[in-house]
Amino acid sequence: MEQKNTWLSYKDADVKELEALNEDYKSFLIKGKTERECVKLSVEMAKEAGYQDLEDLIGAGKTLKPGDKVFRTWMKKAIVLFEIGTDAIENGLNILGAHIDSPRMDLKQNPLYEDTELALLDTHYYGGVKKYQWVTLPLALHGVVVKKDGSVIELSIGEDPKDPVVGVTDLLIHLSSKQMEKKASVVVEGEDLNVLIGSRPLEGEEKDQVKLYILKLLKDEYAMEEEDFLSAEIEVVPAGGARDFGLDRSMIMSYGQDDRVCAYTSLVAMLNVTKVKRTTCCILVDKEEIGSVGATGMHSKFFENTVAEIINLIGEYNDLKLRRTLQNSFMLSSDVSAAFDPNYPSVMEKKNAAYFGKGLVLNKYTGARGKSGSNDANPEFIAKLRNEFDTHHIAFQTAELGKVDEGGGGTIAYIPAAYAMNVIDCGVAVLNMHAPWEITSKSDVYEAKKGYEVFLRSE
Ligand code: MN
Ligand code: MN
């Protein structure tokens, strides 16, 4: 059961390929810091690979045949791609699913205020965060402001080196004796995650001069009024790009690798694998970090509806065929796993932990307090994957999220499993999960992409 470090198995050509993939992954991370940005990038990549927008085919008297490639986005925050296989579609799909939302702070609907001649934005954090990690960092604002006439202002402030950054301040150590006594969960409280954005007063005003200066600036640069915050979706994320991590450059540090490391590698695998037997599918969803809810999360009917549209365009839609297609599908729920951290060995059970450099991580189950909320994959399906991965020399490991009773977590796996299909969690190990800057191993990124390709081709 002892597994060698994957790096030791690489020839020069492998390392070259690994580096090229990771360079592309880093630029995806830099440009894709929100679900909308990730969808936009995915559409560009899909079009370049010959994919057509499904919306152009629906109701246009068009049909789909084996080899055809289509994508569909939903509310600009989720995307699903298909390549039609030569097999009958009711034999099932090979599905790669990952999520493109990440923990962050969202602006409240009425966010802007002035306090003691400083202008601040009030936030509501999104997903599971250690709030104390989000102070004293350079932060960027990404998102959209939709005006009453429907026009959309796109914002991205803080990524260009010439851009200003914003941030949440923290108390100086000199005056922190009481703060330092607090529990970590309350040392920085949610309501105190206020982003400092200005300190310069607008001349000729009586009160709230600093806030008014910011409003003037928003008006001049973005034609935006204060009321427009009401219909905005602005995310506060760590400013700055993905970087090589480690003196040996064997790792990547970036914001949002949960779960863009799986989303990116799944997407690349989807675009690379062509002329398939079973119809392939890659779905990148929103809202995983808050329970996969909403119209763009995995619980949305968007996925099922789109599979129905696909069957309809192949030409013989009926409800039974849709159900058979879904139940006969295989899915890798591609999400990150906790990498073993030598600083915190006590929360891990070493035989069943994920390690950097050991390849894709298969999690038979997730959940907490006795696997609660978990999908728990079937051994028949795991055996099939083991066989595929071993045959094609894909490095993989098995793990669970920490020791029994230490905590736990969930993924999207149980949601498609409700269609009665085989699903397993299969992703990449991450250090610093959910922190502003997360770390992955380049070799695991490489193995993930190769493993996803093998899965998509499998019969
Ligand atoms: Mn995740
Ligand atoms: Mn997560």
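Helices (H or I, at least four residues) and strands (E, at least two) are DSSP runs, numbered from the N terminus. The exercises below concern a predicted model, in which local features need pLDDT of at least 70, side-chain atom pairs count only at pLDDT 80 or more, and totals for chains, interfaces and linings use all residues. Residues are numbered from 1 along each chain as its sequence is written, chains are lettered from A and ligands numbered from 1 in the order in which they are written, and side-chain values use heavy atoms, with hydrogens and water left out.

**Exercise 1. Place K449 in the fold, and state which residues K449 is in contact with.**

*Solution.* 
Step 1. K449 belongs to helix α10, which covers residues 442-457.
Step 2. Buried means under 20% relative accessible area, exposed over 50%, and partly exposed in between (1.4 Å probe, protein chains only). K449 has a relative accessible area of 10%, and is therefore buried.
Step 3. Contact means heavy atoms within 4.5 Å. With neighbours within four places in sequence left aside, K449 is in contact with E17, L21, T265, V268, A269 and N272.

**Exercise 2. Describe the protein chain as a whole: its helices and strands, its radius of gyration and its buried residues.**

*Solution.* 
Step 1. The protein chain contains ten helices and 22 strands.
Step 2. The radius of gyration is taken over C-alpha atoms, and the globule rule is 2.2 Å times the number of residues to the power 0.38. For 459 residues, a compact globule would have a radius of gyration near 23 Å, and the protein chain agrees with 23 Å. The C-alpha trace spans about 70 × 55 × 45 Å along its principal axes.
Step 3. Of the 459 residues in the protein chain, 53% are buried.
Step 4. Among contacts in the protein chain between residues at least 6 apart in sequence, 76% join residues at least 24 apart.

**Exercise 3. Identify the protein donors of the manganese ion (ligand 1), and explain which parts of the chain H99 and D258 tie together.**

*Solution.* 
Step 1. Donors are N, O and S atoms within 2.8 Å of the metal (3.2 Å for Na, K and Ca); water is not among the atoms, so sites may look incomplete.
Step 2. Because H99 lies in strand β4 (residues 93-99) and D258 in helix α5 (residues 257-272), the pair ties together parts that are 159 residues apart in sequence.
Step 3. H99 is buried at a relative accessible area of 1%, and D258 is buried at 3%.

**Exercise 4. Determine which residues coordinate the manganese ion (ligand 2), and how far apart the two manganese ions lie.**

*Solution.* 
Step 1. D258 (OD), E289 (OE), E289 (OE) and H434 (NE2) coordinate the manganese ion (ligand 2) at 2.1 to 2.6 Å.
Step 2. Along the chain, the donors of the manganese ion (ligand 2) follow the spacing D-x30-E-x144-H.
Step 3. E289 lies in the loop between β13 (279-285) and α6 (302-314), and H434 in the loop between β21 (429-430) and β22 (438-441), so the pair ties together parts that are 145 residues apart in sequence. Both E289 and H434 are buried.
Step 4. The manganese ions (ligand 1 and ligand 2) are 3.3 Å apart, and D258 coordinates both.
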